[in-house]
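Colleague: Hello! Could you walk me through a few local features of this model?

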Amino acid sequence: MQVQFLHGTEMGNAEFLCEDLENSVPEGISTKCNSMEDVAPTDLNGDTLYVFVVSTYGAGDVPNTAQPFYEDLQAAKTDLSHVRFAMFGLGDSNFSDTFNQGSEKVMGLLEECGAKRLGERGLFDASGPEMPEDIAEPWLQGILEMASQST
């Protein structure tokens with residue numbers, strides 16, 4: 001199995017979390033970690049599980065490094081019916097009206113284009129007592145288990 005972590009971030013937190021997640025992947029699984037700004041929707045293939053880690057910026061917006069990917073997907077409505085993905089969002093519930101909307105927007109657009117989501121969207125709340133990896137690593141292990149059963 002191949003797993004590619006794609007992060008959309010403003011302050012670097014999603015990138016740091018992707019690196020932590022990549023290091024937690026069991027041996028024998030090939031991994032890669034990239035910024036969403038370095039990948040186009042047409043680059044996504046059916047042989048890879050894509051794990052998106054997306055923060056929320058401003059008033060529920062997609063962060064700057066996710067903007068090019070998001071805008072390309074929005075404009076082209078690329079057929080992604082061959083793509084499997086999982087989504088993990090970073091947010092702060094102090095901003096309850098826009099909590100984790102960045103990841104929700106990217107997830108919704110991926111699904112509109114036919115991509116198949118594995119599992120529930122993972123959510124991290126910066127206002128909570130946990131560290132992001134405390135929530136994301138067990139979530140990822142569940143996603144990897146689902147992915148291995150569906151191949």
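Predicted model: local features only at pLDDT ≥ 70, side-chain atom pairs only at ≥ 80, totals over all residues.

Colleague: How do the residues of the lining of the largest pocket divide into nonpolar, polar and charged?

Modeller: Residues are numbered from 1 along each chain as its sequence is written, and side-chain values use heavy atoms, without hydrogens and water. A pocket is an open set of points on a 1 Å grid over the protein atoms alone where a 1.4 Å probe fits, with protein on both sides within 12 Å along at least five of seven lines, and lining residues have an atom within 4 Å of a point. With Gly counted as polar and Ala as nonpolar, the lining divides into nine nonpolar, eight polar and two charged residues.

Colleague: Which residues are the closest to the centre of the largest pocket?

Modeller: The largest pocket has a volume of about 370 Å³, the space filled by probe spheres set on its points. It is lined by 19 residues, and the closest to its centre are S55, T56, L90, G91 and D92.

Colleague: Is N100 buried or exposed?

Modeller: N100 lies in the loop between β4 and α3 (101–112), and its phi is near 60°, a positive value in a residue other than glycine. Most residues other than glycine have a negative phi. Buried means under 20% relative accessible area, exposed over 50% and partly exposed in between, with a 1.4 Å probe and protein chains only. Because its relative accessibility is 1%, N100 counts as buried.

Note on methods:
Helix = DSSP H or I, 4+ residues; strand = E, 2+ residues; numbered from the N terminus.
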